[in-house]
Amino acid sequence: MGTTQLKMLKLLLLLTLTETCAAANDMTFSVFTVTSKSMVAQWSALAGASSYKITATPKNSSKDPVFAQFSGNSVMGSVNSLSPNTLYTVQLEAMDNALNVLSSASTEETTAPDVPSILKAYSKHSDSITVEFTEVSGATSYILRAESGDFFLETTVSGSPGTVVLLQPHTEYMVSVMSVNSGGRSQPSYPVEAKTLVIAPKLNTTSPSNDTILVSWPPVEHAVLYTLCIIREGSSSRLKVNTTDTSVTFDDLEAGTTYCIKGTAWDSEGRTGDDLTVCWITRPQSPDVSFVQVTQGRSLGIAVYWLPVQGAQSYIAWTSDGQNCNSTTQSHCYIVPVKCGQNHSVAVTARNVAGSSSPSEPAHYITFPCPPENMWVEEPESGNCSLVWDNVPLVEYYMAFIKRDDGIEISCNTTETTCQFFCMCGFTYLATVFPYNQAGSSPQAPVRNYTTIPCCPKDVTVQLVSTETLEITWSPVKGAELYETTAEETNNVIHCNDTAPVCALSDLRCNADYSVTVTPCSELGGCNRTCKAHTHQTAPCAPGILNMTQTNNATYRVLISTPNTPDTNYTITATGRYNTHTCQARNGSCDLTQLPCGSIYDVTAVATTDVGRSLLGYSKALETGPCCPTFVNVTQVTQAMTNVTWSSGNGARSYITTLTSSRGHAKCHTLDTHCLMGCITCSTNYSVHLEAISSTGHKSECKYQGFSSSPCCPTGVKLYRRANNSLRVYWRSLGPQIHNHNVELYGTGGNYTCVTAAGSAYCDIPEDTCGDFYTVVVAPVGQNGIKVNFCQPRKYSVLCPGSNAAISRGRRSLD
């Protein structure tokens, strides 16, 4: 017996239940295990016992008892040479050295049945071995044991034949059998060698087409040949094929039909192994499309109908643009949604577990035409409208419907992509287009709103309300939501947008013709750009004062800019504190006359046309020249110096007085009304000029009667005594000898006067006394008979006769 069998036996012996009997001194005794011809007992040791004796006596048999004796150290022992399937009374006795029984215990136990013998062992499946054996008396069951190397397996069976399962395929096993009753199991029978079969091939089936089935399998270990048998479901005819390959193709089969294939492998000993049967169906044949119908509803779709085919579990219909539908119970399906305006085909494929059939012949169909993508209304001229839309494919004709917001409706049936209609200004039109083809009309069509431009307003009135503002009023028009008012001039456009029928356009350019247009607008219809323009002119531009010059004492010429048309009148106004002066101009200048001297005026200019008046131009201050003094007096103070006086001039703050002659001039600038002027030349005619100057620098040129300087005082005046006791006064005259001279001689002895005629250079005066001191003054006499009173006197001493010298200024004068 092998090691593995012993291990299993010990395990079974340990698990066997036995009865236990206890002696009066509590010694325990039980049967540990039994076989067909032996028992193993165990007990508890008893103090003082030197040996133990076991006696097995058949209880219901006349056979002799069997005993065995063991030392005092033993607690287990076996009794052999028993009879199979026999009930024994087993007694244990504990004895001392004198063989006296110290204690005893007993129990009953049945031996196992007799050992059966194997008649035949063979394998019918790859995982089992069937054993046929002799059945023995008293056995309640049998244990089949299979061993191969380290593999050990026991299986309980009720009788012969019995089968050991869970074995490895194509493997040799040593098979034995044991009988079993309530007492235990017998020893194993003589082993017999048996070998399991090869496994069945694992068949994989596919149907590449509707008349073939391809069977393939992985190679079976130890197999040298394979047998496949195919039979059609519901038929008794079959086809068997032997092959060494691992695949077989069965062809010429019926489409959509189930076939069962059984596969068996053969080993090298000629034994067939397990068999495996699989059933598979061929692919269905292609169905025929009978009808395609385009359906309408919420979503556009097509209904596809076909003829059913044998063996089909489901159907799928595919369109040429990739859409599909399927059915498992009916011969039609719906593809929803489909696109409008499509020219496609549809094919149906039948399916079962084997796969799909070839597609049916395609059935062509077209869908309802699509509505036009773009649709618009053109109005090239007011009132003449055209509904225009994009061309739609697969269309036979179009139906266009146009409805006005007052209920009037028109329609067009056309093959073109346009529909003309009369459209009145200020109305809204709803337009739609339905394309038609053999499938019907487009299920829906977009609606295009078109609002015509508002009508042009009537009673447009344009009036100038200020120099640069035009006010425009008009009557409201139907459909207008906003009015755009523009005033257009050469390079200038002024806009005004308002919902009211009135507009003020300001900040306009002066003296300009504006083309004023009122354009009614609506949000939907847009703006009516065909309305008539109204021309209106703005007020003239304000002129500017360029320059003001004085032409004479009371007249000033004003030069102005002329920014307006030539027919513009300009009025220049000079406004003073007490009076106002005006003048009119067209050519850019006019004269303000009779302006009093010494006055300040505010001068402005304004332009006037038939349209109106301009704004006042910027004013400029005009200050008239100061008034000339009413008189100027020139008084000669000395021969080279004069004193000039004059009256005060209105508006004058300073004066420049000038005495001018061919021999020189004298000038004086003063704030006073008098001036002492030197560098005057005697006997010279002077012109008298005076400039009156205002505080702002304005000047007035004033001319007066000329002034003649007094005659020149003579020079070289000498006094001589003559022989006739007279005195002669001699001088040299400066300038022309056209004046008389007056000679005055003053002495202690008397005063003497002498008047000479013009051209004379001396004067004789009789002397009454001699030796006197004299003061001599020689002065010319002017044409007015007045002598010059500023000639300087000279002093002389005159000696009496006998002296030959005369003295002048400390010097003596000689005759």
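Asn85 is partly exposed, at 33% relative accessibility; that label covers the range between buried (under 20% relative accessible area) and exposed (over 50%), using a 1.4 Å probe and protein chains only. What you're looking at is a predicted model, where local features need pLDDT of at least 70, side-chain atom pairs count only at pLDDT 80 or more, and totals for chains, interfaces and linings use all residues. Residues are numbered from 1 along each chain as its sequence is written, and side-chain values use heavy atoms, with hydrogens and water left out.

- Most residues other than glycine have a negative phi, and most peptide bonds are trans.
- Asn85 isn't a glycine, yet its phi is positive, about 55 degrees.
- You'll find Asn85 in the loop between strand E6 (76–79) and strand E7 (87–95). Strands (E, at least two residues) are DSSP runs, numbered from the N terminus.
- His170 has a positive phi too, about 45 degrees, and it is not a glycine either.
- Look for His170 in the loop between E13 and strand E14 (172–180).
- Is His170 buried or exposed? His170 is buried, with a relative accessible area of 14%.

- Ser160 and Pro161 are joined by a cis peptide bond, with omega about -5 degrees.
- Pro161 sits in the loop between strand E12 (151–157) and strand E13 (162–164).
- Going from Val336 to Pro337, the peptide bond is also cis, and omega is near -10 degrees.
- Pro337 belongs to the loop between strand E27 (332–335) and strand E28 (343–352).

**Rings that pair up**

- How many aromatic pairs does the structure hold? There are 14 aromatic pairs.
- Phe421 and Tyr429 make one of them: the pair is tilted, 5.6 Å centre to centre, with 55 degrees between the planes.
- Rings of Phe, Tyr and Trp (its six-membered ring) pair if their centres lie within 6.5 Å; planes under 30 degrees apart are stacked, over 60 edge-to-face, and the rest tilted.
- Both partners are tucked away by the accessibility count: Phe421 is buried at 6% relative accessible area, and Tyr429 is buried at 4%.

**Charges over rings**

- Lys478 has its charged end over the ring of Phe427, 4.3 Å from the ring's centre. Sitting over a ring takes NZ of Lys or CZ of Arg within 6 Å of the ring centre and within 35 degrees of the ring normal.
- Arg728 does this with Tyr762: its charged end is 4.1 Å from the centre of that ring.

Note on methods
Helix = DSSP H or I, 4+ residues; strand = E, 2+ residues; numbered from the N terminus.
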